[in-house]
Amino acid sequence: MPQTTHPGICRICSAHCGVLATVTDGRLTKVAGDPDNPMFKGYTCIKGRALPEIHNNPDRLLHSRKRLPDGTYTAIGSEQAMDEIAAALQELIAQHGPRSVAMYLGTNGLPYPASALMGNAFMRGIESPMFFTANTIDQPGKQIALAAHGHWLGGDVDFHEADSWMLVGTNPLVSKAIGIPGQNPSQNLRAAIERGMKLIVIDPRRSQTAARAAVHLQPRPGEDVTILAGIIHIIIDRQWHDPAFIDENVAGFDDLARAVAGFTPAYVAQRADVPEDQLRDAAETFATYGTKRGMVNAGTGANFALHGNLLEYLCLCLTTICGRWQRAGERVTRPNTLMPAFTAKAQPHPPYEGWGYGERLRVRGLTDTVAGMPTAALADEILLEGDGQVKALICIGGNPMAAWPDQRKTKRALESLELLVTLDTEMSLTSQLADYVIAPMMQMETPAMTMGSELIKYYTSGTGIPAAYGQYVPRIVEPPAGSDLIEEWRFFLGLTKRMGLELWFVNFFGGGGGRFMESPPVVLPINAETDLTTEELFAQMCSTSRIPLDEVRSHPHGKIFDVDAVVQERDPDCADRLDVGNTHMLDELNAVRAENYALRQDVSEFPFRLIPRRHQNFINSSGTALPALHRGKPFNPLYMHPEAMAGLGLQSGAAVSVTSGHDTVAAVVEADPTLRRDVVAMHHAFGGLPEEDAGFREHGTNVGRLVPTDTEYDPVTGLPRQGDIAVRVCAHGETSTG
Ligand SMILES: Nc1nc2c(c(=O)[nH]1)N[C@H]1C(S)=C(S)[C@@H](COP(=O)(O)OP(=O)(O)OC[C@H]3O[C@@H](n4cnc5c(=O)[nH]c(N)nc54)[C@H](O)[C@@H]3O)O[C@H]1N2
Ligand SMILES: Nc1nc2c(c(=O)[nH]1)N[C@H]1C(S)=C(S)[C@@H](COP(=O)(O)OP(=O)(O)OC[C@H]3O[C@@H](n4cnc5c(=O)[nH]c(N)nc54)[C@H](O)[C@@H]3O)O[C@H]1N2
Ligand code: SF4
Ligand SMILES: [Mo]
């Protein structure tokens, strides 16, 4: 039995672990950690190790599918599918204009660096501005806040050298997403704590990360803005900020000080329900402990409670007034490898326009922003008749029916489309409504590189690879015999050729990042003559890399390159400043202070607050039906404190109804003593279609059903309240008034 083992890259999450993949008789049979990888040293997680089951999943699509008039699906050749889809798109564009075609890029764009970029180039090629991503239903406040605050061109403080770190509503030991470097976060945290770092975690749940914290604030959910304003208040009051750094680099300090003045420790403690001395302890530990190095990062938990932009802005303000950025002469924490070189400098990049420009939606006055188009409003754009109505949607590696807010509205919208195309490895909830489902190749069947993991540092601080690390691997396993699978970027190339388009492929999204590169983006013309392999396309994308791709490729187990990058002195004529006094943000903060918060805390109708949390074994909806990952529990329980359960007469495993002001869903309740008594938690992106609710023990519960898109939402990004959702819970089948 021929068996070979190859270095590979798991790209299920942004950590991009270097792995060893074993192929037996042409099938992927094992994925394990790679002890020879200098960055990961053998580390993987359960998801990466399940890559063989993911590739060999019997439910995986091996051929694209087309929906027949009776609603059933038939296999269709990929060439034929591209012929038909190209013709349908041309027809729609001719009749209704390019804006009638929209694209949505979900989380599974990440593993395939060329796919999102070619999709984006295609949209520019047909001149449609309707390019949406999951980012605006994730944490768009990160880019909005950076635009309002500006960037520090010296980059982040190194976690490995910091003495204190604050994490707000993020659980990186599970999500690997932010704060603690995601490349084996558990080990990174252990080493830091052994070295003496004090971790401060703000989370209504004693999460895996909170359990390791020196200070854990367990507040009411949704009060993170209040808490951060309170911490800034204490720091300014005690003069623990960094006046020299502020003097040289910061504008708006007095405005910030005035805006936080009303957030006294007593007020914050009362409002957020945290002990006042713990709040003081958090502020003191962060601001004064050790060598005073360390940053503040927030995650989805804190971002989903309506004030995401302000929340992220206050994280930057707190970091900045304490001078917690890498300074001249210090090592560059995240030097580029496959990205072009840049010179880190100890100086600000000034704020820039972050929202209110570009394409305007026809609903809720929303516009394009630095975080992209407002995805939570796309269903309304599809449903709203009239000029500009969206008639076709192409989804790449995303699952609107599982992950978008307001599942019922999403379903009405997707069903009303004239053309819905998904590129998905299975008949996902969204694929089940699609006219065409394009079956793509999977991770180990395509070449891979770490550029995506490196790139995310430009999206927000606290992410990216904290070393000049790079890895590139060729295809490891052939697609299954007899299959007809296509790489996603080639699908867009196929449409381009059929539609006679001329595209301009750009090697990375401009966004915040483009402005820090020393070389302009690589721009490639793509047209009917284009004839490229994926390797050749990657080579073009990396043609301006700091470390040449061939050099990276010659280290198949990945390499930490000897890049000796040090933050340079500021330019002598630099007069730019970081802004901690942005008017939009401080107005919002004043409005938060003026709120009658007792109204929101009233528990008479809705006694619980539902918060989000991530599952160790799945990324969103991916893999939730796979026995290797769900291990006999294919649903997402409603986690509840045991005392709260006892109060309702509930036992773990009982069926419950969860009701928000918007809708009701059925779920299985499970005791979780790590929660506050007044908080319940759920993983999102589970569940079936709305008419399949009875199957919640088989496929779980859709949280998006409880979330309206048009009552409580951020006016800049459209992000609705996806956390701190007021709910009541009762035994399933009973009705209750709470
Ligand atoms: N209520 C609530 N809503 C939320 C959130 C929340 O916490 N609570 N979280 C939000 C966040 S942070 C995000 S990022 C979004 C996620 O929103 P989406 O990205 O739209 O949702 P996913 O479930 O990640 O969709 C992934 C899809 O990719 C498919 N897939 C798996 N592997 C591959 C592959 O190799 N290739 C391709 N082409 N497809 C593949 C899966 O089958 C699945 O259909 O949801 C948001 N919505
Ligand atoms: N294993 C795994 N990893 C993932 C994903 C996954 O689904 N599974 N998804 C990926 C994606 S798309 C994303 S965006 C990232 C998200 O990464 P994170 O943002 O780190 O998400 P979580 O791990 O859910 O951590 C959020 C934490 O916020 C807490 N929380 C909830 N509400 C509040 C609140 O109001 N205030 C505060 N302070 N805390 C609150 C929750 O208890 C939870 O511990 O993870 C990525 N990585
Ligand atoms: S941490 Fe992320 S990249 Fe690493 S093995 Fe797990 S899912 Fe894959
Ligand atoms: Mo996300």
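Helix H8 is mostly covered, with 13 of its 14 residues buried. Buried here means under 20% relative accessible area, exposed is over 50%, and partly exposed is in between, with a 1.4 Å probe and protein chains only. Helices are DSSP runs of H or I with at least four residues, strands are runs of E with at least two, and both are numbered from the N terminus.

This is a predicted model, where local features need pLDDT of at least 70 and side-chain atom pairs count only at pLDDT 80 or more, while totals for chains, interfaces and linings use all residues. Residues are numbered from 1 along each chain as its sequence is written, chains are lettered from A and ligands numbered from 1 in the order in which they are written, and side-chain values use heavy atoms, leaving out hydrogens and water.

Back to H8, residues 224-237. At 1.5 Å a residue its 14 residues should span 20 Å, and the end C-alpha atoms are 19 Å apart, which agrees. The expected span is 1.5 Å times one less than the number of residues. After H8 comes Gln239, with a positive phi near 60 degrees.

Helix H19 can be treated likewise. It covers residues 488-499, and its 12 residues reach 17 Å from first C-alpha to last, close to the expected 16 Å. Nine of the 12 are buried, so H19 is largely enclosed by the rest of the structure. Among the buried ones are Trp489, Phe491, Phe492 and Met499.

Most residues other than glycine have a negative phi. Leu306 is not a glycine, yet its phi is positive, about 80 degrees; Leu306 sits in the loop between helix H13 (300-303) and helix H14 (308-321). Lys176 also has a positive phi, near 55 degrees, and belongs to the loop between helix H6 (172-175) and helix H7 (185-195). Lys176 is buried, at a relative accessible area of 6%.

Which residues are around ligand 3? Lys176 is one of them, along with Cys10, Ile12, Cys13, His16, Cys17, Cys45, Lys47 and Gly48. The criterion is a heavy atom within 4 Å. By class, this shell has five nonpolar, two polar and two charged residues. Ala, Val, Leu, Ile, Met, Phe, Trp, Tyr, Cys and Pro count as nonpolar, Asp, Glu, Lys and Arg as charged, and the others, Gly among them, as polar.

Ala81 is in helix H3, residues 78-96, and has a relative accessible area of 0%. Beyond its neighbours within four places in sequence, Ala81 is in contact, meaning heavy atoms within 4.5 Å, with Ile76, Tyr436 and Ile438. His641 lies in the loop between strand S28 (638-640) and helix H25 (642-647), and is buried at 13%.

Finally, the whole chain. The protein chain has 26 helices and 32 strands. Its radius of gyration is 25 Å, close to the 27 Å from the globule rule for 738 residues, so the chain is as compact as a globular protein of that length. The radius is taken over C-alpha atoms, and the rule is 2.2 Å times the number of residues to the power 0.38. Of the 738 residues, 62% count as buried.
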